[in-house]
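Let's take a walk through this one together, going from a single strand out to the chains and their contacts. Have the viewer open and follow along.

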Amino acid sequence: MNAVRSLFARLEIDERLLGMIICLIGIWVGFHLLSDGRFITPRNLYNLSLQTASVAIMAIGMVPIIIIRQIDLSVGSMLGVTAMIVGVIQTFWLPPILGGGHPLIWIIAALAGILIGAALGGINGLMVGYLGVPSFVVTLGGLLIWRGCAWWVTQGQTVAPLDETFTLLGGGVYGTIGETASWIVAVIAAVAIAFAAHRRRRRHIAYGFPVRPLWAEAAVVVVQCALPIGFAAVLNAYEMPAVAATKLAEMKGWEIPEGGLHIFMGIPIPVLILAGLAVAVSLLLNKTRFGRYVFAMGGNLEAAERAGINVKRMTVLVFVLMGALVGVSAIVASARLQSAGNSIGSLDELRVIAAAVIGGCSLAGGAGTIAGAILGAVVIQSLQSGMSLLGYDASLQNIVTGAVLVLAVYIDRLYQQRRPS
Amino acid sequence: MANPLVEMRNISISFGGVRAVDDVSIDLHPGEVVGLLGHNGAGKSTLIKILSGAYQADKGEILIDGKVADIKSSRDARDHRIETIYQNLALADNLDACANLFLGREMTAAGFLDEPAMEAAARKVIGRLNPNFKKYHAPVSALSGGQRQSVAIARAVHFDARILIMDEPTAALGVQETKMVAELIQQLKKEGIGIFLISHDLHDVFDLSDRLSVMKNGKLVGTVRTQDVTKDDVLGMIILGKQPAVAAA
């Protein structure tokens, strides 16, 4: 055990994240065996990634919220009202002005979604940061208020159909970037990972700091680079159903070659959005002053204030970031459903908080990672999809998800106590 | 003798009719340690908070290098290169030594944190103060009390403090740790930094201080050279407010 641990220490591997990945693999293999080989297939993993995107995007924003020792219970309702307004803008307001199907419609609607989300988050942040109302109360109120507003937008009427280009953001059959682009994105990601590792090592050597052995560095980089490549490979292995492929060929005016048309799906657009946001917010949290102050506030608010950090302003900004990500999530969720109904996003706050907490965010503040939160979201979605694949209904899915949340936090507690300090 | 580094002259401050500090004058020279002693409520913390910018005196003036200094906020104090080290409140436990050292004053390159540059600077300053310090990447919650104190002191030193206020610097520390802080203080003296050590416990500061100023009920009982007095003399000052037989320094 100690030998393994010292090996991890030499490789500078995050044990916690590794543990989560092992758990996830266990869950996948378990469902795969129980479902007679229907779980670990390109098709199912493609759907899994699509189903995870909306909650995972919000979980990214929940991480800094929990790190500064706050909470946001209103994200599901904020998603609801934002999706409704975005739906109304693109379906009722813009077509009469611009004409139906105008290419600006989806852009204006999407930007409006992000701005509305950021504004709602800003309201939460001002109440918490400047008025001193506990975030639990502010966002518990918001949970009711925004859900009510979601109904008021159309008096409960579901908005459909949404703009066709807009719905691609939800990753339907045609909402992917395709096979070639998926390979390109994966290779760019791998090159960026290798380049960053090289640059970091070179600078550390220049300053004379200890670095890990070259073989270890190389091994870690290879594994990290394998992730995006492998991810693209799996999604590129999922062939578009023949009916959809034929329809697409007709739409685009392609000739259907002999032996039929073989189109592979590649990375869904919402998953690409998720990946981009995850990288951006990870950089923000770990490589900028903003992120440093977020962690400092969670570690010791008084010390942060004494160090000259404007903690009230920081609180507002963290809630604005959460809101903007809710806006993105509202776009993705409504685009995927191709409609906006007033119950969209119900109970999402619980899934989002569960994802962040399973992913290692401490409710005591000061600790959490974006990668962990996304893995947490994948774990929750895997349990739900796996159980529905096996034919269990929603009630059992909720029971298991709830139990896993409590178990994950308990295991983390044991781990924290055992860790030598 | 040259101008003192700090001179607080005839300082008074009242809170709701209570004179917390009443016509007190103290001073501090470069490379000198002055212990500020007194029971809880004697007014020593209030006096020193006037120097660190948390309060403003009703009467009296502060001179830095012989010039009147107007200290209205902790930012003003920082501009006069006055740094305060608090026993428990100074560090974010979840961050490492380097992050704490630069908290609020991070080095950046193209908008991103320049961590190697900060680590190099942190290694230089902490290594100078405490050559045994190794845990640069551990969260400070994993450090001992003395190591934490090293980080807090390094933070002040790195940003060119000339006047250091240390509040109960050894109160929570064991024997070894106290020794470590004592060595740190010797190191700072050599660099010409003036230090106010605040404590309610004589034993914490007697061996570290060049001079001792004792307060009781908001008034200054007296200031003595440590070498001229015994611990009993000073206890008499703290408890009874009695001037010792030797002449005041």
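Which residue is the bridge partner of B:Thr84 in E9(B)? That partner is B:Ile165. Before going on, some housekeeping: this is a predicted model, where local features need pLDDT of at least 70, side-chain atom pairs count only at pLDDT 80 or more, and totals for chains, interfaces and linings use all residues. Residues are numbered from 1 along each chain as its sequence is written, while chains are lettered from A and ligands numbered from 1 in the order in which they are written. Helices (H or I, at least four residues) and strands (E, at least two) are DSSP runs, numbered from the N terminus.

Back to E9(B), which covers residues 163-167. Strand E6 (residues 82-85) of chain B joins E9(B) through 4 bridges, and the two run parallel; strands count as paired if DSSP finds at least two bridges between them. E9(B) also pairs in the parallel sense with strand E10 (residues 194-199) of chain B, over 5 bridges, and there B:Ile163 stands opposite B:Gly194. In a regular strand the side chains alternate between the two faces of the sheet. In E9(B), B:Ile163, B:Ile165 and B:Asp167 on one side and B:Leu164 and B:Met166 on the other are all buried. Buried here means 20 or more other C-beta atoms within 10 Å of the residue's own, against 12 or fewer for exposed and anything in between for partly exposed, with C-beta atoms placed from the backbone. With 5 of its 5 residues buried, E9(B) is therefore largely enclosed by the rest of the structure.

Chain B has another sheet worth a look. Four strands form an open sheet in the order E2-E1-E4-E5 (chain B), with antiparallel pairing. At the edges sit strand E2 (18-28) and strand E5 (67-69) of chain B, each pairing on one side only. Strand E1 (residues 6-15) of chain B is joined to E2(B) by 7 bridges, and B:Ile11 stands opposite B:Val24 in E2(B).

Zooming out, chain B has 8 helices and 12 strands, and buried residues make up 45% of its 249 residues. Its C-alpha trace spans about 55 × 40 × 40 Å along the principal axes.

Now to where the chains meet: 19 residues of chain B are in contact with 23 residues of chain A, contact meaning that the C-beta atoms, placed from the backbone, lie within 7 Å. On the chain B side, the largest share, 3 residues, comes from H4(B).

H8(A) and helix H9 (residues 214-236) of chain A pack at an angle of about 170 degrees, with their axes 9 Å apart. Axes are lines fitted to C-alpha atoms, for helices over the stretch in contact, and angles run from 0 to 180 degrees between N-to-C directions. The two helices are therefore roughly antiparallel to each other, a label for angles over 145 degrees. A:Ala194 lies in H8(A), residues 179-207, and is partly exposed, with 15 other C-beta atoms within 10 Å. Leaving aside neighbours within four places in sequence, A:Ala194 is in contact with A:Val221 and A:Cys225. The C-alpha atoms of A:Ala194 and A:Val222 are separated by 8.2 Å, although the two residues are 28 apart along the chain.

Conventions. Two residues are in contact if their C-beta atoms, placed from the backbone, lie within 7 Å. Angles under 35 degrees count as roughly parallel, over 145 as roughly antiparallel, 65 to 115 as roughly perpendicular and the rest as oblique.
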